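Reader: Please take one part of this model and go through it closely, residue by residue where that helps. Keep it brisk, and give me the cut-offs as you go.

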Amino acid sequence: MRTIEHWIGGKSTSGSPSGTAPVWDPATGAQQAEVVLGSAADVAEAVRVAAAAFEEWSQSSLSRRAKVLFAFRELATARAGELAELVSSEHGKVLSDARGEVDRGLEVVEFACGIPHLLKGSFSDQASTDVDVFSFRSPLGVVAGITPFNFPVMVPMWMHPVAIACGNTFILKPSERDPSPSQLVAELWQEAGLPDGVFNVVQGGKEVVDALLDDPGVAAVSFVGSTPIARYVHERGTATGKRVQALGGAKNHAVVLPDADVDYASDHLVAAAFGSAGERCMAISAAVTVGGAGDALVEAVSAKASAMKVGPGRDPSSEMGPIVTREARDRIAGYIGSGAEQGARVAVDGRGLVVPGHEDGFFIGPSVLDHVTPSMDAYRDEIFGPVLSVVRADTVDEAIALINANPYGNGTAIFTSSGEAARRFKRGVTVGMIGVNVPIPVPMAYYSFGGWKDSLFGQSRIHGPDGVDFYTRTKVVTERWPTVSAHSAASYHFPTST
C-alpha cells in the first residue's frame with residue numbers, strides 16, 4: 001500500500017503520525033493509498049523549519065524570487081498532465097476538468113511572477129522641508145494554508161505562490177482525501193530552486209488544523225472550505241493574534257429572465273451545476289426562473305442533464321465523474337429524497353446510477369428538482385453535489401430579494417438580453433462575485449476572489465491585490481538628512497509642515 005507522507009525541510013517524511021487514513025479511488029470504490037495523519041509535533045517541526053528558512057528567504061532579492069516563480073511555472077506547466085491525473089485519480093473529476101483546475105492555478109503563479117512590480121511602494125519627495133516619506137512592504141513570516149478536497153491543485157495555488165513571492169515561508173495542510181498533488185507540487189518547488197523549508201506540507205486532520213491555528217510561530221492562515229469550519233478557523237486563529245482569511249460555503253443562484261436564450265442559458269446551467277460533479281463553491285445550485293421562463297428552461301436543462309455521460313474521471317468520454325466519497329454520495333442522494341418529500345418535483349433523478357464495470361464506484365447522476373421553495377432542505381443547505389434546484393419567481397426584484405435573503409453571498413449570475421435588468425441586478429444583489437451571461441464568475445488571478453456574508457470571514461479576499469496585501473505589512477519611513485555643518489538644537493514643538 002502506497003503511503004503519502006509530509007514534506008518538511010525539502011524531503012518526504014513520516015514525522016510523528018497519529019495514524020493513517022485511506023485514500024480512495026472514487027471510480028472503483030477501492031482504497032488506492034494511505035496518508036499519514038500528522039500530529040501537533042509535526043506542525044511544530046514544520047514551523048521550526050519554516051521559521052529558519054524565513055531568515056534567508058525574506059532577505060532574498062525580488063529578482064531571485066521572480067526567477068524561482070518563473071521556473072516553477074515552467075515545471076508545473078510541463079507536468080500539468082501528471083498533476084491532472086493525480087487529481088482525477090483521487091478526487092474523481094474528469095481529466096479535462098482536472099486539467100482546467102491546474103491551468104487556473106497556474107494563472108495565479110503567473111500573477112505572482114510579477115512580484116517586483118506588485119511590491120513597489122510609494123514615495124513622497126519633500127513632504128516637508130528636506131523630509132521625504134516612503135513606504136515599502138515586508139513579509140509576515142511563516143504562513144499556512146488549509147485547503148479543501150475539491151480543488152487540490154488550484155486552491156493551494158491561490159495561496160502559496162503569492163505568499164512565497166512576497167517573501168514568506170509556507171505550510172500547506174491539504175485535504176486528506178486527495179493528498180498526492182501537494183507532494184508533487186512540493187517536488188516542483190524544490191526543482192525550481194526554492195530553498196528547502198520555504199514550502200512545506202503537513203498531512204492530517206483536525207489535530208493539524210488546530211496546531212496551525214494555535215502555534216505562535218504562524219503569522220497568518222488562509223482557509224477555503226465549508227462555512228462552519230471557516231467560522232471556526234477565523235475565530236480560533238484571530239484569537240491567537242493571527243491574520244486570517246477564511247472563505248466558506250455558498251448557495252449560488254442563476255437568474256434566468258424570459259428574454260434569455262433558452263438554449264444558451266440551459267447549456268451553461270448544466271455545465272455550472274454538474275461540472276466537477278457539483279463539488280465546487282462556485283457551482284450554480286439554484287436556478288431562479290422569472291415569469292414565464294420556467295417550463296422551457298426546466299425542459300431544456302432536464303434533457304441535457306439526462307444526456308450527460310457519467311463515468312470514471314480518467315475515461316476521456318466521461319463528462320462527469322464520481323463523488324469523492326461514498327458518504328458524500330449518500331448524503332447528496334438524501335437531499336434529492338427530502339426534496340421530493342417536501343413537495344419538489346424530481347425532474348431528473350440521479351440516484352441509483354450504476355456505471356458498468358465500476359459498480360462499486362461513488363456515482364450519482366445529475367439531478368434536477370423543480371418547484372423548489374426556500375423552506376426546503378435542498379434549497380437551504382449547501383448540497384455540494386450535482387443537484388440543481390429550480391425556484392420560480394414573478395419578477396426580477398423578487399429574484400433579487402430571494403438571493404439577498406440567503407445567508408451566503410459567494411457568486412451569482414443572470415441570463416438576459418436586457419442591459420437595464422442586468423444593471424439593476426448587479427447593483428441590487430448582496431453577493432461578492434457576479435456574472436452576466438457568465439454562469440461561474442470566478443475572477444482572473446489579477447483580481448481577488450471572495451464573497452460576502454457567510455461566504456467570507458474577515459476582510460481579506462484571496463489572490464490578486466488582496467492576496468499581496470494579506471501576505472505583507474507596510475512600513476512607512478519619514479526621513480531627513482540634515483546639513484551638519486552648523487549646530488542645530490532639537491525642537492520640542494509638535495511637528496508641522498512648516
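Author: Ser138 lies in strand E7. Helices (H or I, at least four residues) and strands (E, at least two) are DSSP runs, numbered from the N terminus. The model is predicted: local features need pLDDT of at least 70, side-chain atom pairs count only at pLDDT 80 or more, and totals for chains, interfaces and linings use all residues. Residues are numbered from 1 along each chain as its sequence is written, and side-chain values use heavy atoms, with hydrogens and water left out.

Is Ser138 buried or exposed? Ser138 counts as buried because its relative accessibility is 14%. The cut-offs are under 20% relative accessible area for buried, over 50% for exposed, and partly exposed in between (1.4 Å probe, protein chains only). Beyond its neighbours within four places in sequence, Ser138 is in contact with Tyr471, Thr472, Arg473 and Lys475. Contact means heavy atoms within 4.5 Å.

E7 covers residues 131-139 and pairs with E23 in the antiparallel sense, over nine bridges. Two strands pair if DSSP finds at least two bridges between them. Phe136 stands opposite Lys475 in E23. Pro139 has Thr472 of E23 as its bridge partner. Lys475 and Thr472 are also among the contacts of Ser138.

E7 has another partner. E6 and E7 pair in the antiparallel sense over four bridges. Here Ser124 stands opposite Val133 in E7. The two strands form a hairpin with two residues between them. In that turn, Asp130 has a positive phi of about 60°.

Strands of a sheet pair through backbone hydrogen bonds, either parallel or antiparallel.

Follow the chain back from E23. Helix H16 spans 464-470, and His463 sits in the loop between strand E22 (456-457) and H16. His463 has a positive phi of about 50° although it is not a glycine. It is buried because its relative accessible area is 3%.

Tyr447 touches this loop residue. Its contacts are His463, Gly464 and Pro465, not counting residues up to four places away in sequence. Tyr447 itself is in the loop between strand E20 (433-436) and strand E21 (452-453). It counts as exposed because its relative accessibility is 52%. Its C-alpha is 40 Å from that of Arg345, a residue 102 positions away along the chain.

For contrast, consider helix H10 (262-274). Its 13 residues reach 18 Å from first C-alpha to last, close to the 18 Å expected at 1.5 Å a residue. The expected span is 1.5 Å times one less than the number of residues. At its start, a side-chain oxygen of Asp261 comes within 3.2 Å of the backbone nitrogen of Asp263. Just after H10, Ser276 takes a positive phi of about 55°.

Buried residues of H10 include Ala265, Leu269, Val270 and Phe274. Their cover includes helix H11 (294-306), strand E13 (252-256) and strand E14 (284-290). Leu269, leaving aside its neighbours within four places in sequence, is in contact with Ala254, Val256, Ile284, Ala287, Leu297, Val301 and Phe415.

Leu269 is also one of the residues with the most contacts inside the largest nonpolar core, along with Val255 and Phe274; that core has 62 residues. H10 gives the most to it, with six residues. Another core, of 61 residues, lies apart from it, with Leu106, Val198, Met433 and Ile462 among its members. A nonpolar core is a set of buried Ala, Val, Leu, Ile, Met, Phe, Trp, Tyr and Cys residues joined through side-chain atoms within 4.5 Å.

Definitions and conventions
Polar contact = N/O pair within 3.5 Å; in protein donor to acceptor, adjacent residues only side chain to side chain.
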